[in-house]
Amino acid sequence: EAVLPFLDEVKPDDLKAVNVIVKESERLVGYNTDSLGFIKSLEEALEKVGKKITGSNFVVYGAGGVAKEVTKFLAEKQANRIRIVNRSFNKAVALANYLNENYGPIAEGIGEELSRGAVLNSEIKVDALINLTDKGSDGNLVNVAMYDSAHKHNEKISRDILRYIKHLRPDVVIADIVLPKIQPSVSLRLAKAEGLENLLDGNPMVINQAGPAYIYIQKAHPNLHTKKVTEQEALEVFKKAVNNIKN
């Protein structure tokens, strides 16, 4: 978000955050492929349990730049309900209002103190929990789970929430974009410990976003790329490279 004022253009023009900046002629143009990469990985995770984004219910933690782009994609793909949980209630409501104004009555903003009710609503059962905050990232927040309030970790509360949600929706997808250096995020570790199986970390997002990012750069600098590749070809190269690193 912080670099937007320094760019000549963003594509699409309603972009709220960028992760790739390309020099096109003499103009600096910003794109966001992180959100594309995450949505692709989320679709793959939902497909494994026989679901799609269309018609599904989501609880999204965070209302910053990435959350704005991800929730926009969820709305465009006709999610049934999007509950946005954020420490700043006003930011959550502002993002929900934006979605409702542009896509119809689909979203609501919720403060962290009411997040338990949003997750465990028995009438609108959640299909995926999505962490788009810094909770669980390396540093001071490494032991803070997405289910916690005000960046304070309470393992008992988190485990209680996970036990209840397993009872209500055992096939729920729990997605966390955070990538700690050594082990899975605390949110995913606790979910696994409570027997939840459909867990999605940030690795697929990182891989999936690289393909479209490379294509933007390739188009902007055609003379530097003697061999032109498609997005899928680029993606396969990145997947292979990541697997080699893991092995």
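**Close-ups of a predicted model**

View 1. F73 sits in helix α2 (helices are DSSP runs of H or I with at least four residues, strands are E runs with at least two, both numbered from the N terminus). This is a predicted model, where local features need pLDDT of at least 70 and side-chain atom pairs count only at pLDDT 80 or more, while totals for chains, interfaces and linings use all residues. Residues are numbered from 1 along each chain as its sequence is written, and side-chain values use heavy atoms, with hydrogens and water left out. Leaving aside neighbours within four places in sequence, what is F73 in contact with? S35, L36 and I39 (contact means heavy atoms within 4.5 Å). L190 is another story: F73 and L190 are 117 residues apart in sequence, and their C-alpha atoms are 28 Å apart in space.

**View 2. Where α1 packs on α2.** The two helices, α1 and α2, pack at about 50 degrees with their axes 9 Å apart (axes are lines fitted to C-alpha atoms, for helices over the stretch in contact, and angles between N-to-C directions run from 0 to 180 degrees). That angle is why α1 and α2 are oblique to each other (under 35 degrees is roughly parallel, over 145 roughly antiparallel, 65 to 115 roughly perpendicular, the rest oblique). From α1, the contact draws on S35, L36, F38, I39 and L42, and from α2, on V66, E69, V70, F73 and L74. By class, that contact has eight nonpolar residues, one polar and one charged (nonpolar means Ala, Val, Leu, Ile, Met, Phe, Trp, Tyr, Cys or Pro; charged means Asp, Glu, Lys or Arg; the others, Gly among them, are polar).

**View 3. Where α2 meets α3.** Now for another α2 partner: the axes of α2 and α3 (residues 89–103) come within 11 Å and cross at roughly 30 degrees. So α2 is roughly parallel to α3. A67, K68, T71, K72, A75 and E76 of α2 touch L95, Y98, L99 and Y103 of α3 in making this contact. Six of the contact residues are nonpolar, one is polar and three are charged.

**View 4. The largest pocket.** Its volume is about 420 Å³ (the space filled by probe spheres set on grid points, which are joined across faces, edges and corners). A pocket here is an open set of points on a 1 Å grid over the protein atoms alone where a 1.4 Å probe fits, with protein on both sides within 12 Å along at least five of seven lines; lining residues have an atom within 4 Å of a point. There are 25 lining residues, and G62, G64, L132, T133 and D134 lie nearest the centre. The elements giving two or more residues to this lining are α2 (65–76) and β5 (81–86). The lining splits into eleven nonpolar, seven polar and seven charged residues.

**View 5. The second largest pocket.** This one has a volume of about 180 Å³. S41, E44, A45, K48, N198, L199, L200 and P204 line the second largest pocket. Which element gives the most to this lining? That's α1, with four residues. Four of the lining residues are nonpolar, two are polar and two are charged.

View 6. Most residues other than glycine have a negative phi, and most peptide bonds are trans. K11 and P12, however, are joined by a cis peptide bond, with omega about -5 degrees. P12 is in the loop between β1 (9–10) and β2 (20–24). S25 has a positive phi, near 60 degrees, though S25 is a residue other than glycine. Look for S25 in the loop between β2 and β3 (27–31).
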